[in-house]
Structures are given as structure tokens and as C-alpha cells.
Amino acid sequence: MTLEELNRIKNEYKDIVKVRKVVAEESAKIAANTQYRKQVLVCGGTGCTSSGSKKVLKALEDALEENGIKDVLVVRTGCFGLCSLGPIMIVYPEGVFYSQATPEGVKRIVKEHLKEGGSVVKELLYKETVKPDGTITPLLETNFYKKQRRIALRNCGGIDPENINEYIATSGYQALAKVLLTPMSPDEVIKEVLDSGLRGRGGGGFPTGRKWMFAKASPGDIKYVCCNADEGDPGAFMDRSILEGDPQCIIEAMTIAGYAIGACRGFVYVRAEYPIAVERLKIALEQAREYGFLGENILGSGFSFDIEIRLGAGAFVCGEETALMTSIAGNRGEPRPRPPFPAVKGLFDKPTVLNNVETYANIAQIIRKGSQWYASMGTETSKGTKVFALGGKITNVGLVDIPMGTALREIIEEIGGGIPNGKKFKAAQTGGPSGGCIPAEYIDTPIDYESLTAIGSMMGSGGMIVLDEDTCMVDIAKFYLEFTVDESCGKCTPCRVGTRKLLKYLEKITLGKGEDGDIERIEALAEHMQKSSLCALGQTAPNPILSTLKFFRQEYIDHIYNGKCEAGVCKSLIRYEVIEDKCRGCTLCARNCPVKAIKGAVKQPHVIDQSKCIKCGVCQANCKFGAIRTI
Amino acid sequence: MADNIPFKGTQEQEQQLLEVIAKNKELPGALLPVLHEAQEIYGYLPIEVQQMVADGLGISLSEVYGVATFYSRFSLTPKGKHKISVCLGTACYVKGADKVLAEVEKKLGIKSGECTADGLFSIDSCRCVGACGLAPVMMVDEEVYGKLTPDLVGKILDKYIKEEGGNK
């Protein structure tokens with residue numbers, strides 16, 4: 001591969017990919033330069049695959065063949081971000097968005113829309129994109145996309161991740177060419193990353209350029225570059241989506257990192273639970289080798305580098321850097337004290353740079369467009385954009401890439417489309433089991449590293465779980481503690497014993513057996529764990545409790561002293577009662593009650609026998625008149 | 001329960017495992033990749049298999065056992081013909097994953113981590129399969145079922161039970 005060949009491929013595929021970056025006439029104009037009249041993008045990410053996108057893709061290809069349509073390009077992409085509406089299908093040049101596609105619907109779309117002279121099938125479009133007067137908003141112009149600035153996700157959902165040519169068409173490998181052929185010196189590369197202000201996206205937020213600088217400065221002939229794709233925060237899936245949607249950008253970035261620090265081997269440590277991501281990464285590695293972006297003498301520069309995949313085996317603690325490297329070396333993934341830091345003594349005891357997937361996804365663009373471009377986005381100390389996985393009680397569940405400093409309100413209300421079912425926003429949980437919550441009164445907090453830390457939460461890897469009024473904060477804290485108890489590796493006592501003790505307190509409290517002094521005991525223990533645990537897992541394990549105690553202390557007090565769970569979640573503290581005025585005596589609840597605890601004559605108000613009731617909630621869920629309340 | 005299940009490895013499986021060991025022997029940090037493949041071959045990692053891995057890689061059985069028990073993906077007991085995995089990640093949890101798990105347990109009469117006596121079903125909980133948009137979800141073998149309710153769970157399991165000649 002030479003620079004000329006790289007540019008030739010770029011020019012050959014450029015227009016095909018550009019069609020998907022704009023909409024309507026602009027897109028049609030570019031499409032006219034290609035052999036395809038239309039392009040159909042079908043999401044092949046994990047979310048959409050789970051909702052049946054393989055069947056949709058097959059139906060689409062079959063229907064196109066049956067109808068003799070040959071000038072429509074079908075592309076299976078990675079994640080678009082709107083996972084709850086899958087399977088997702090987008091048609092260019094119109095840029096229209098078909099949601100929850102089915103094989104039957106696809107047949108109709110082929111016949112009515114994709115054939116020559118056809119028009120959009122409005123009934124099958126995502127309904128939010130069709131205005132009452134019938135005009136259609138293209139997907140890229142919806143609130144969900146318009147407010148984002150997709151940097152790390154720039155190619156996710158936009159290219160075929162199994163076709164390296166499409167990556168090259170979006171200026172892929174131009175950064176590597178710039179580094180190796182200009183050539184930039186390793187110090188210049190590191191300076192560019194340093195000046196961009198990029199900080200680790202895996203949770204710690206350490207400046208990436210400084211990590212590289214330390215690793216380069218460490219003496220030694222053998223060094224390694226590692227990629228942390230062991231995304232452990234339950235509820236975060238951006239790393240998976242990037243690997244599934246744009247795997248080449250990680251390979252390019254790791255190769256640049258290898259050049260910068262003087263390493264010739266890289267490892268990607270990826271969760272075995274992500275089979276699609278692993279498969280796409282394998283394909284990407286093969287293609288990169290075939291094209292000469294990996295291997296000996298890359299682009300004729302004399303620099304050699306290659307990457308291996310190592311599978312994780314389901315241990316959250318392996319997201320911690322020293323544990324991850326211990327695991328790659330074939331051991332129990334236990335962390336060790338730092339220093340020495342991995343930049344000095346890392347994988348196989350050699351100097352190592354370790355960044356996570358999302359961090360790497362920014363690198364090639366920083367090199368190509370310059371550090372100033374990147375630093376122009378975000379806040380004073382948090383540059384660039386951050387990907388969040390919006391989940392929980394929010395309308396648009398999915399992945400969003402937003403400039404640092406965006407207010408939480410904008411994310412929840414505009415990009416996320418608000419809380420479904422008319423419920424009230426209660427809090428957003430960020431940082432997963434190491435993080436905390438942002439309550440409704442702080443909804444205008446800008447989302448950046450410092451602001452989140454200041455209110456007792458943290459950026460973490462970018463999971464953002466939205467909670468509504470039906471969520472009990474004590475129960476949520478308990479959920480996270482159950483997680484850390486499961487995942488504590490057991491090496492150090494404060495974490496191994498501390499997490500279990502904290503969980504015991506929370507179990508007691510949610511069972512209505514909390515005692516005076518429990519809150520104080522929790523706080524004291526939490527402080528010890530923060531100070532004395534070996535790694536971040538133990539040090540941050542109390543955060544979900546401390547943060548809920550800070551903002552929702554009254555809920556703990558209600559549970560302990562008043563025997564009350566306001567949200568109606570903790571079964572031991574609630575009871576169901578029939579509201580006499582509202583009950584029409586339809587008998588539905590009595591018939592559905594699994595323990596026959598409800599009595600009453602037809603058309604007469606019913607009564608729940610509290611001694612029999614097991615608090616399953618079936619009566620409340622089935623009542624059509626809202627006549628059953630939780631007390 | 002699992003301790004009573006005799007090891008039923010075949011010659012063919014042993015041959016496969018020896019090939020995997022030979023292929024990876026020189027790889028730095030070979031133990032994890034070998035255990036992944038060994039579990040693919042046998043479905044789980046009984047002590048007999050761990051011993052073969054230890055002998056093949058020239059390390060102690062205790063080292064193999066230590067690693068095999070550290071990671072949740074490795075299982076020392078056999079799994080059911082159909083592996084049910086209920087996601088208990090945060091996004092699923094706030095949407096009622098605990099009720100889904102309870103329904104699966106009730107329906108099959110076993111607890112999470114166990115296998116039915118006829119060897120047809122086993123239940124596990126997992127942390128996030130990355131399909132948060134469809135929460136709550138569960139997986140039966142490779143198939144992901146999303147937006148679940150306890151009601152739906154019953155229907156999905158019935159389908160598998162029926163396929164197996166259903167008497168549950």
C-alpha cells in the first residue's frame with residue numbers, strides 16, 4: 001500500500017459514503033455520481049440484531065432481487081444509536097428513517113419506495129419524523145441527531161464495518177499516513193494528542209497524551225499498546241458499538257500509539273460477551289493486514305506493528321488497568337498496587353500504554369484535523385465530546401455523542417426525548433457501580449469531568465441511566481452493591497469485606513429492619529473503603545450509597561424510621577389498598593390474585609386481606625380504573 | 001448436584017483439546033485462550049479437563065483451577081441444553097429484570113446458576129448483553145428476547161418446553 005493507492009481507494013468510494021452524510025437534493029446530487037440510485041442502511045448492531053435485523057436484511061435483499069432492482073445499494077452498518085426503535089433502516093438520498101422494520105414492511109417499502117419512481121411509505125416511518133401536515137423530517141435533522149456532535153461515533157451507522165474501503169473513503173488511514181510519511185516524529189504525535197486535551201474515556205479521565213509521553217520515556221526495547229474493550233459498566237455499550245460499527249478506527253489509532261511510544265505489538269482485550277464486536281474486529285484486522293496497515297514496514301515507512309485479540313471472561317475488575325494486563329498474561333485478573341504504573345511496568349512487565357475503545361476512536365481525527373480543532377469543543381478542562389449510553393426510563397434509549405459541557409437537561413429532555421408515560425424525572429445515574437446520581441434539582445449541571453465529580457458522581461465510562469419517580473434510591477444503591485459484591489476480586493480486605501457489609505446494611509434497610517445509627521455506620525465504613533482499598537473498584541464501591549445519601553437522605557430516613565418506601569418498590573414496606581370510590585367491582589383483581597387475597601361482590605368495592613397478600617402487584621397492574629394504591 | 005455427574009468426555013474431544021493446547025503452548029498468557037476453547041469443546045470445565053490443560057501447558061492444577069474459578073464465564077458444572085441468561089444490568093434492572101428472573105425460576109423450578117434434572121435448561125443471570133434499548137432482556141442460547149414481561153417469559157419458555165416434548 002502506498003499513499004497513491006490509499007488516495008485512489010478514497011476517491012473511488014468517497015461519493016458512495018458521502019451520500020449518507022447529507023440529505024435530500026444535496027445527497028441526490030452526489031448519488032448521481034455513483035452507480036446507485038438509492039442506498040438502504042440497515043443496522044447490524046447488537047440491539048437491532050436482537051430485534052430481528054437479520055431477517056429484515058434478508059427480506060430486503062430477496063425483495064430487491066424479486067423486483068429486479070439492481071441499482072439500490074444495501075449496507076449493513078453498525079449502531080445508529082436509537083436502539084429502542086430497532087430494527088432500524090434508513091434510505092438515502094431522502095435520509096428517511098424506517099423504525100421497527102419487519103420483513104413484511106420491507107417488502108412494501110421495496111415495492112412502493114425503492115423501485116424507480118417510488119415514494120416514501122409514510123406509515124412505516126418513525127412516527128416522530130412525520131409532521132401532522134405530512135412533511136417528513138430526515139433522521140439527521142431530528143432533535144436526537146441535530147444536538148449531537150458525532151466524533152467518536154462518526155462512522156457508526158454510516159459505513160459498512162466489514163468493508164475497509166468504506167473506512168478509507170471517510171479519510172480512514174490518512175492520519176496514519178500523515179504520521180508515518182510526513183513523517184511526524186513520535187514526540188510531535190504525542191504533542192498533538194497532549195494539546196488536544198483528550199482525556200481517558202474509560203472513567204479515570206487521565207490525559208491521554210501524558211500516558212503516551214510516560215510510556216515513550218520509559219527505557220526498554222519492547223513496549224506494548226493495549227486497548228481496553230472490557231466494557232464492564234452494566235448499561236454502557238459505546239465501546240461495543242464502536243467496535244461493531246467502526247473497528248478500523250481503533251486499529252489505526254493503536255498503530256499510531258505504537259509508533260508514538262515505540263511499540264510493535266498491540267492487544268485488544270475484549271469481552272467474550274460481545275460476539276458481534278469480536279467477529280467484526282477479526283475481519284477488520286485481516287483486512288488491515290491485507291492492505292498493509294498492519295504488519296511489516298507499514299506504508300513503506302520501516303515501522304512494523306501488529307495487533308492480537310484477547311478475550312475477557314466476565315470479570316468487571318479486569319477493566320482496571322493492572323488487572324486487565326494480569327489477565328492478558330493468563331492469570332486471575334487481580335489488580336496490583338500502583339506505582340509502578342503501566343507506562344513503566346505494564347503488560348509482561350514491559351512499558352505499556354492502555355486506553356479504552358472510545359479514547360482511541362478520537363485519535364485519528366485529532367491527528368488529521370489537528371489538536372486545535374479538537375480542543376475547540378468542550379469546556380476548559382474537558383475537551384471534545386463524550387459518548388453516553390442513555391438507558392432506563394427515557395424515551396430515546398440509545399447512544400449519543402455530545403460536546404462536553406452540555407447540560408443534563410438538554411440530554412434528557414431534548415436528545416433523549418424526555419421521560420415516558422408522563423412520569424417525573426427523578427435522577428440520572430452516571431458512572432455505573434463507581435458513580436453516583438444527579439438529582440432533578442441539578443438538571444442544569446453541565447456534563448464534564450469536574451462538574452460531575454463536584455456533585456459526587458463521576459463521568460465513568462458513559463453509562464447514563466435515567467430514573468423516574470417509581471425508582472427507590474435505596475433499592476438502586478442496593479443493586480449496585482450487589483454488583484460490586486459479585487465482582488470484588490477478593491484480593492484486598494476493605495473491598496472484599498466492606499462491600500458485603502455495606503450490602504447487608506442496605507438489605508436490612510430495604511426489608512424494613514433498619515436501625516438507628518445504620519446511616520452513620522454506613523458512612524464510616526464507606527470512608528474506610530475509599531481510603532484503604534487497593535484499586536478503584538473498592539475505592540469507588542461506596543459511591544452509589546454516598547451519593548444517594550447526599551441527595552435522597554430522606555428516603556433512607558423514611559425506610560429506617562418511618563417504615564415507608566415512597567416509590568413503592570421495597571415490598572416489606574408497602575401495602576396495597578383498594579380505593580373505594582374508584583373501585584367498580586369488576587372482579588378482575590380478585591380473579592387475577594394468585595393467593596386469593598381479594599374479596600368482594602360484583603359491582604361492590606373489593607377489599608384486600610393484608611394477612612394473605614404477598615404484594616406481587618398483579619392487582620394494581622391489572623386494574624383498569626386505577627383503584628389500587630400503594631401505601 | 002453437579003458433583004454427581006460423571007465426566008463423559010470422548011476421545012475425539014480429548015484430541016481436539018490436545019490440538020488447542022499444542023497450538024497455544026508458546027503463546028504468552030495461553031491459559032485463558034485455552035480455557036475458552038476447552039469450554040467450547042466440552043461445554044464446561046470439569047476437573048478432568050482442567051487437569052489435561054495443566055499437564056498440557058506444564059502448569060499446576062491449582063493455577064488452572066484458580067483461573068477457571070475467577071472468571072464468571074467459565075463454568076465448572078455442566079449447563080443445560082438450552083442456556084437461559086437473564087440480563088441484570090442496570091438498564092434492565094430498572095425496567096423489572098428481577099421479575100423476569102423470578103418468573104423463569106418459578107416456571108422451571110430451579111434457581112439461577114442451576115440446571116434442571118433432565119438437563120434441558122439452565123438459568124444464569126448476566127450483566128448487560130448490550131441490548132439496553134430492549135430492556136429487560138433475556139437470552140435463550142444465542143437468541144435475544146427483549147421488552148419482556150413475566151407473561152411473555154412464560155410464553156417463550158413454553159415454546160422451548162414444547163419443542164422438547166414438554167412435560168413441565
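**Chain B and its contact with chain A**

Biologist: Which residues does Val137(B) touch, leaving out those up to four places away in sequence?

Modeller: Val137(B) touches Ser50(A), Cys87(B), Cys92(B), Val129(B), Ala131(B), Val144(B), Tyr145(B), Gly146(B) and Leu148(B). They count as contacts because their C-beta atoms, placed from the backbone, lie within 7 Å of its own. This is a predicted model, where local features need pLDDT of at least 70, side-chain atom pairs count only at pLDDT 80 or more, and totals for chains, interfaces and linings use all residues. Residues are numbered from 1 along each chain as its sequence is written, while chains are lettered from A and ligands numbered from 1 in the order in which they are written.

Biologist: What makes a set of residues a nonpolar core?

Modeller: Its members are buried Ala, Val, Leu, Ile, Met, Phe, Trp, Tyr and Cys residues joined through C-beta atoms within 7 Å; buried means that 20 or more other C-beta atoms lie within 10 Å of a residue's own. The largest such core has 233 residues, and Val137(B) is among those with the most contacts inside it. Helix H12 (residues 247-261) of chain A gives the most to this core, with 10 residues.

Biologist: How many residues of each chain take part in the contact?

Modeller: Chain B gives 30 residues and chain A gives 38. Helices H2 (31-42), H4 (61-70) and H5 (90-93) of chain B each supply two or more residues to its side, a helix being a DSSP run (H or I) of at least four residues, numbered from the N terminus.

Biologist: How many helices and strands does chain B have?

Modeller: Seven helices and four strands, a strand being a DSSP run (E) of at least two residues.

How values were computed. A residue is buried if 20 or more other C-beta atoms lie within 10 Å of its own, exposed if 12 or fewer, and partly exposed in between; C-beta atoms are placed from the backbone. Two residues are in contact if their C-beta atoms, placed from the backbone, lie within 7 Å.
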